[in-house]
Amino acid sequence: MKRPNILLTGTPGVGKTTLGKELATRAGLTYINVGDLAKEGELYEGFDEEYECPILDEDRVIDELEDKMSEGGIIVDYHGCDFFPERWFHIVFVLRTENSFLYDRLESRGYKGKKLQDNIQCEIFQTIYEEAMLSYKEEIVHQLPSNTPEDLERNLDQITQWIEQWMKDNN
C-alpha cells in the first residue's frame, strides 16, 4: 500500500465532509462519503421512522468498499465507525465541535426535535470518540477541534503533514 487510509468520523455537522473533500484535493487521496455511497448504491436495510432516515446496511457497505480500501489512499467519511474493519485504517480522526456551533449547523440542515437533541447529546457525551477508542488501537485515534475556519486550516495542515510522513516511512 503506497498511501494511507484515513477515517474521518464524528457527530453529524462537525465538518467531516468539508475537511475530507479538501484533504483529498490537497493530498491526492480518494474521498468517500459513506452516506453518498449508500444513497447511490441503495445500501439500506430499511427506514427509521423516528429519525426520518434510511438504515444503513453495514455489511453491504463493507462489501462495496473492500477492494478500494485494500489499494490504499482512501479517506472515509461517516458518523459511525464501529462496523468498519480495524485493518482498513492507518489513522482515525474524530472531529469535535462545541455545542453552540453544532446546534446551529444541525438546525440549518433541518434537524429538529429528537434527532437534533440526540445528536447534540451524542457530542456532549463523546459517543463517537468512545466508539472509535473501542474499535481501533488507541494510538491511531485522535480528536480534532472543528469549530472555526482556523481549526479547519490547522487540521488540514496537521493531517497533510501526517500523510507526507506516513508515505516517507512506508515507501
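Which residues does UniProt list for "binding site"?

## Annotated site and pocket

The UniProt record, an unreviewed entry, lists G13, G15, K16, T17, T18 and R109 for "binding site"; such annotations may be inferred rather than shown by experiment. From this set, G13, G15, K16, T17, T18 and R109 belong to the lining of the largest pocket (an open set of points on a 1 Å grid with protein on both sides within 12 Å along at least five of seven lines, lining residues having an atom within 4 Å of a point). K16 lies in helix α1, residues 16–27.

## Basis of the model

The model is predicted: local features need pLDDT of at least 70, side-chain atom pairs count only at pLDDT 80 or more, and totals for chains, interfaces and linings use all residues. Residues are numbered from 1 along each chain, and side-chain values use heavy atoms, without hydrogens and water.

## Salt bridges

Eight salt bridges are counted (a side-chain nitrogen of Lys or Arg within 4 Å of a carboxyl oxygen of Asp or Glu). In one, K114 pairs with E50, with the closest N and O atoms 3.9 Å apart. The pair links distant parts of the chain, 64 residues apart: K114 is in helix α5 (residues 113–124) and E50 in the loop between β3 (44–48) and β4 (53–56).

Note on methods. 1 Å grid on protein atoms, 1.4 Å probe; cavity = no way out; pocket = protein on both sides within 12 Å on 5 of 7 lines; lining within 4 Å. Helix = DSSP H or I, 4+ residues; strand = E, 2+ residues; numbered from the N terminus.
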